[in-house]
Amino acid sequence: MTNKPQKKTTYASITAIGGYVPENKRTNEDLEKISNTNDEWITKRTGIKERRILDKDLATSDMAIRAIENLLVNHNKELSSIDAIIVATSTPDMPMPSTANIICGKLNLKNVWAFDINAACSGFLYALDMGASLVETGRYSNILVIGADKISTFVDINDRSTNILFGDGAGVVWLEPTDEEGITDALLLSNGLGKEYLNIEGGGSLYPLNSSNEDKEKAYIKQDGKVVFKNAVIGMSEACKDLLNRNNFTINDIDWLVPHQANKRIIDAVGKEIGIESDKALNNITYYGNTIAATIPLCIWEHKEKFKKGDRLLLTAFGAGFSWGASILKWTI
């Protein structure tokens with residue numbers, strides 16, 4: 001895990017970014033009317049005040065399209081240049097075809113390599129590293145990397161262990177080759193030991209869903225908060241430290257920490273563990289909640305005006321599986 005990365009001749013850089021969150025809000029006050037909880041309890045334990053909820057007749061791909069449209073409005077890019085689309089999602093529109101394939105159809109893009117990655121809340125980091133690798137080989141030049149999840153579909157609105165946490169959203173970055181340093185390095189890991197602590201059991205080949213009550217329970221996201229909290233802090237912190245060490249960086253070389261937005265207490269604990277100043281650890285969890293694979297690109301998108309060209313960002317995430325990791329990049333916009 002501490003092997004030094006090979007020196008690159010071509011870098012993949014983020015040259016554009018977009019984001020989208022639905023207009024509908026689910027506030028702590030809304031949840032007070034549904035389950036045994038209250039605003040003070042939720043805020044103290046999670047830092048969350050609101051989440052965005054997508055309309056029932058819309059899907060993950062619809063949010064991704066809106067995020068891409070936002071990118072195009074704010075950057076001088078042509079969709080016809082795209083030669084690959086990678087979507088990180090745990091909530092695809094349907095089991096097949098892939099959400100990336102559906103996005104191609106909605107955008108009228110033809111002959112594009114498009115596929116999904118499911119690494120839960122670590123998905124965007126996995127997809128970003130995959131996209132960067134494709135650019136670095138020279139085989140692909142313009143790649144959309146999307147993190148998008150409509151996790152509200154899988155939340156039991158009466159379960160206060162999950163209904164307080166999750167919201168919907170989508171973020172997207174445009175990757176292309178540059179001579180200057182962009183995506184520097186990534187350390188991505190998984191172990192398969194956390195399946196029972198954070199999962200959605202139903203809907204796959206093991207537990208295909210039908211109309212029984214037992215199956216309906218399996219359709220909801222479940223988690224053991226204490227176990228996930230402990231492993232998230234350890235996993236994210238150690239991944240950040242290992243990645244910094246193998247690139248001969250210290251935390252003083254990092255301008256901004258962009259952590260997965262699972263829980264404000266996790267964000268604070270990771271920041272403290274790796275020794276970064278609190279005002280450099282970015283978050284937007286208060287009004288969006290945990291949007292699964294969308295949290296990191298949405299956080300970058302929301303705070304992009306703070307970044308200067310050349311700033312070094314440290315991204316880190318932890319998700320179901322368990323899966324976790326960290327990535328270092330230089331801001332080139």
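Let's start with what lines the second largest pocket: Arg26, Ile53, Leu54, Asp55, Lys56, Lys150, Ser152, Thr153, Val155, Ile157 and Tyr220. A pocket here is an open set of points on a 1 Å grid where a 1.4 Å probe fits, with protein on both sides within 12 Å along at least five of seven lines, and lining residues have an atom within 4 Å of a point. By class, that lining has 5 nonpolar, 2 polar and 4 charged residues, and the pocket's volume is about 220 Å³.

A quick word on the source: this is a predicted model, where local features need pLDDT of at least 70, side-chain atom pairs count only at pLDDT 80 or more, and totals for chains, interfaces and linings use all residues. Numbering runs from 1 along each chain as its sequence is written, and side-chain values use heavy atoms, leaving out hydrogens and water.

Now, on to helix α5. Which of its residues are buried, meaning under 20% relative accessible area with a 1.4 Å probe? They are Gly123, Phe124, Leu125, Ala127, Leu128, Gly131, Ala132, Leu134 and Val135. After α5 comes Gly138, with a positive phi near 85 degrees.

Last, the sheet. It is open, with 4 strands in the order β8-β13-β12-β11 and mixed pairing; two strands pair if DSSP finds at least two bridges between them. At the edges sit β8 (183–190) and β11 (256–259), each pairing on one side only. β8 runs antiparallel to β13 (residues 323–330), joined by 7 bridges, and Leu189 has Trp324 in β13 as its bridge partner.

Definitions and conventions:
Buried means under 20% relative accessible area, exposed over 50%, partly exposed in between (1.4 Å probe, protein chains only). Helices (H or I, at least four residues) and strands (E, at least two) are DSSP runs, numbered from the N terminus. Grid points are joined across faces, edges and corners, and a volume is the space filled by probe spheres set on the points. Ala, Val, Leu, Ile, Met, Phe, Trp, Tyr, Cys and Pro count as nonpolar, Asp, Glu, Lys and Arg as charged, and the others, Gly among them, as polar.
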